[in-house]
Amino acid sequence: DLQGIRERVRLRKPQRVTLHSWSFAQLGGFIAYKARRAGIAVIHVDPAYTSRQCSACGHTDRANRPEQAVFSCTSCGFAEHADVNAARNIAARGVAGWAVSHAA
C-alpha cells in the first residue's frame with residue numbers, strides 16, 4: 001500500500017520531483033490487472049515491524065537491527081540480511097492473509 005508515501009518520505013528536491021510525478025494509484029492498478037490476467041492473487045499485508053521481527057522465532061525488537069543491512073535476533077540468535085528477513089516476514093503475512101480469506 002503506497003498511500004501517503006509522498007508525505008512519509010523525505011527526499012532532496014530532484015528526487016521529490018520524480019516521486020511526485022509518479023502515479024502510485026496507476027502502479028497499483030497495473031499490478032492488480034497483470035496479476036488477474038496471470039491468475040495470481042494480490043494480497044495486501046501490513047508491513048509494520050517486518051524489518052524488526054525475526055522470521056525464525058517471531059521475536060520483535062528494535063535491537064534486532066544493529067545496522068541498516070544486518071538483522072540479528074536478540075532472542076534466538078538468528079542472523080540474516082535485513083531485507084531478506086523482512087521479505088520472509090511479508091511473505092509469511094501474505095500466506096496467513098490468504099489462508100484467512102480462503103477459509104471454509
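Trainee: What domains does the assignment give?

Mentor: Domain 1 covers 1-42 and domain 2 covers 43-103. Keep in mind that this is a predicted model.

Trainee: How far apart are the C-alpha centres of domain 1 and domain 2?

Mentor: Those centres lie 22 Å apart.

Trainee: And UniProt? What does the entry list for residues 24-90?

Mentor: The unreviewed UniProt entry lists residues 24-90 as "domain: Cas12f1-like TNB". In the model, that span is 36% helix and 9% strand. Its end C-alpha atoms are 20 Å apart.

Trainee: Switching to single residues. Where is Asn64?

Mentor: Asn64 is in the loop between α3 and β1.

Trainee: Buried or exposed, that Asn64?

Mentor: Buried. Asn64 counts as buried because its relative accessible area is 0%, and the cut-off for buried is under 20%.

Trainee: Which backbone atoms lie 2.9 Å from a polar atom of the Asn64 side chain?

Mentor: One is the backbone oxygen of Arg52, at 2.9 Å. Another is the backbone nitrogen of Thr74, also listed at 2.9 Å.

Trainee: What else does Asn64 touch?

Mentor: Leaving out residues up to four places away in sequence, its contacts include Cys54, His59, Val70 and Phe71. Ser72 and Cys73 are on that list too, along with Arg52 and Thr74.

Trainee: Now Asn89. Which helix is it in?

Mentor: Asn89 sits in α4, residues 82-101.

Trainee: Why does Asn89 count as buried?

Mentor: Because its relative accessible area is 5%, and buried means under 20%.

Trainee: Which backbone oxygen lies 2.7 Å from a polar atom of the Asn89 side chain?

Mentor: That of Gln53. Asn89 touches Gln53 as well as Thr50, Cys54 and Ser55, again not counting residues up to four places away in sequence. Cys54 is also on the contact list of Asn64.

Trainee: One more. What is phi of Tyr49 near?

Mentor: Near 65°. That is a positive value in a residue other than glycine.

Trainee: Why pick that out?

Mentor: Because most residues other than glycine have a negative phi.

Trainee: Where does Tyr49 lie, then?

Mentor: In the loop between α3 (24-38) and β1 (70-72). Asn64 is found in the loop between α3 and β1 too.

Trainee: And is Tyr49 buried or exposed?

Mentor: Exposed. Tyr49 has a relative accessible area of 52%, so it passes the cut-off of over 50% for exposed.

Notes
Residues numbered from 1 in each chain as written. Predicted model: local features only at pLDDT ≥ 70, side-chain atom pairs only at ≥ 80, totals over all residues. Heavy atoms only, no water. UniProt positions renumbered as here; feature names shortened; annotations may be inferred. Helix = DSSP H or I, 4+ residues; strand = E, 2+ residues; numbered from the N terminus. Buried < 20%, exposed > 50% of the residue type's maximum accessible area, 1.4 Å probe, protein only. Polar contact = N/O pair within 3.5 Å; in protein donor to acceptor, adjacent residues only side chain to side chain. Contact = heavy atoms within 4.5 Å. Domains from an automatic or database assignment.
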